[in-house]
Amino acid sequence: MTTILSIQSSVAYGHVGNSAATFPLMRLGVDVWPVLTVHFSNNTSYPSKRGPLLAPSDVADVVQGIDELGVLPQVDAVLTGYQGAPAMGAEILRIVELVKQRNPQAVWCCDPVMGDVGRGMYVLAGIPEFMRDHVVPAADIMTPNHYELNYLTGRETHTIADVLSAADALRAAGPDTVLVTSVVAEGADPDTLTMLAVDAEGAWSVTTPLLERSFTGSGDLTASVFLASLLESGSLEAAIGRTASVVYSLLKKTTDLDQRELALVPAQDELVAPSFTFEVTRVR
């Protein structure tokens, strides 16, 4: 059985961070150990929120407690998303190092949450630089969106060829595998969305219809499904195809139900048997 240590935020109402990753991973048959960086009433897209922002030392204590049980060698991967502040990022780096000491085969999948096209950066000052300078060299898998890929590589990319070149540059700086979760390419059908995955063996893309709404937590869901699929199959082609099918099917169901939050429970069957499947194209 695959085991993932997931270090992310948590909300009581709705689905972002670990609240968007834990149940889908379990439904996919993964043993997931959630470690919380915040515990809010709801995500920050609402007018208000309450709850504690946990200190890096709190996160370290939780992981130390797990380590003291002698079970960290069971961890196949660490999954992280929004890191909050550079100090939390530094603690996550130490945790990843510890996990790899206990299991040298473990990998780190980092979703470098920083910003997006049309929104710019929406994280605290220092986080983008920390991601670029410290996380990129240490990560094994990264799942940036198009905007984040541009920042991490210092490039402006407009075509699929540009994005492929930037993904190669990101891989050269650290991660073996890069999934670009939302490619905005010149000449593409504006009613579609493309994901692009690159590793040492090649590059693959999947294009899905573009839904009229975006959903908070969809990136967290995407990263978790991709990591689980990659660990299970060992095939980047299979992983990007499964991720596109699962995420689109679940978001389509959420749209049809007219829910603001991801419909993880009503649409849970989409996680294991998605209603829609999409062709994977080798682009290199």
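1. Start with D133, which is partly exposed at a relative accessible area of 42%. Keep in mind that you're looking at a predicted model. The side chain of D133 meets that of R132 in a salt bridge, 2.9 Å from N to O. R132 is partly exposed too, with a relative accessible area of 33%.

2. In general, side chains of opposite charge can pair when their charged atoms come close.

3. Now look at D67 and R102, whose side chains form a salt bridge at 2.9 Å, N to O. D67 sits in helix 2 (residues 56–68) and R102 in helix 3, so this pair ties together parts 35 residues apart in sequence. R102 is partly exposed, at 37% relative accessible area.

4. K100 and D140 also meet through a side-chain salt bridge, at 2.6 Å, N to O. Here distant parts of the chain are linked: K100 is in helix 3, while D140 is in the loop between helix 4 (127–138) and strand 7 (141–142), 40 residues away. D140 counts as buried because its relative accessible area is 16%, under the 20% cut-off. K100, at 25%, is partly exposed.

5. On to the inside. The largest nonpolar core has 42 residues, and L5, I7, V99 and W108 have the most contacts within it. Helix 3 (residues 86–102) gives the largest share, six residues. There's another core apart from it, with 39 residues, including A21 and F215.

6. Finally, check W108. Beyond its neighbours within four places in sequence, W108 is in contact with residues including V78, I92, V96 and I141, and also with K100 and D140.

Terms used
Residues numbered from 1 in each chain as written. Predicted model: local features only at pLDDT ≥ 70, side-chain atom pairs only at ≥ 80, totals over all residues. Heavy atoms only, no water. Core = buried A, V, L, I, M, F, W, Y, C linked by side-chain atoms within 4.5 Å. Buried < 20%, exposed > 50% of the residue type's maximum accessible area, 1.4 Å probe, protein only. Helix = DSSP H or I, 4+ residues; strand = E, 2+ residues; numbered from the N terminus. Contact = heavy atoms within 4.5 Å. Salt bridge = Lys/Arg side-chain N within 4 Å of Asp/Glu carboxyl O.
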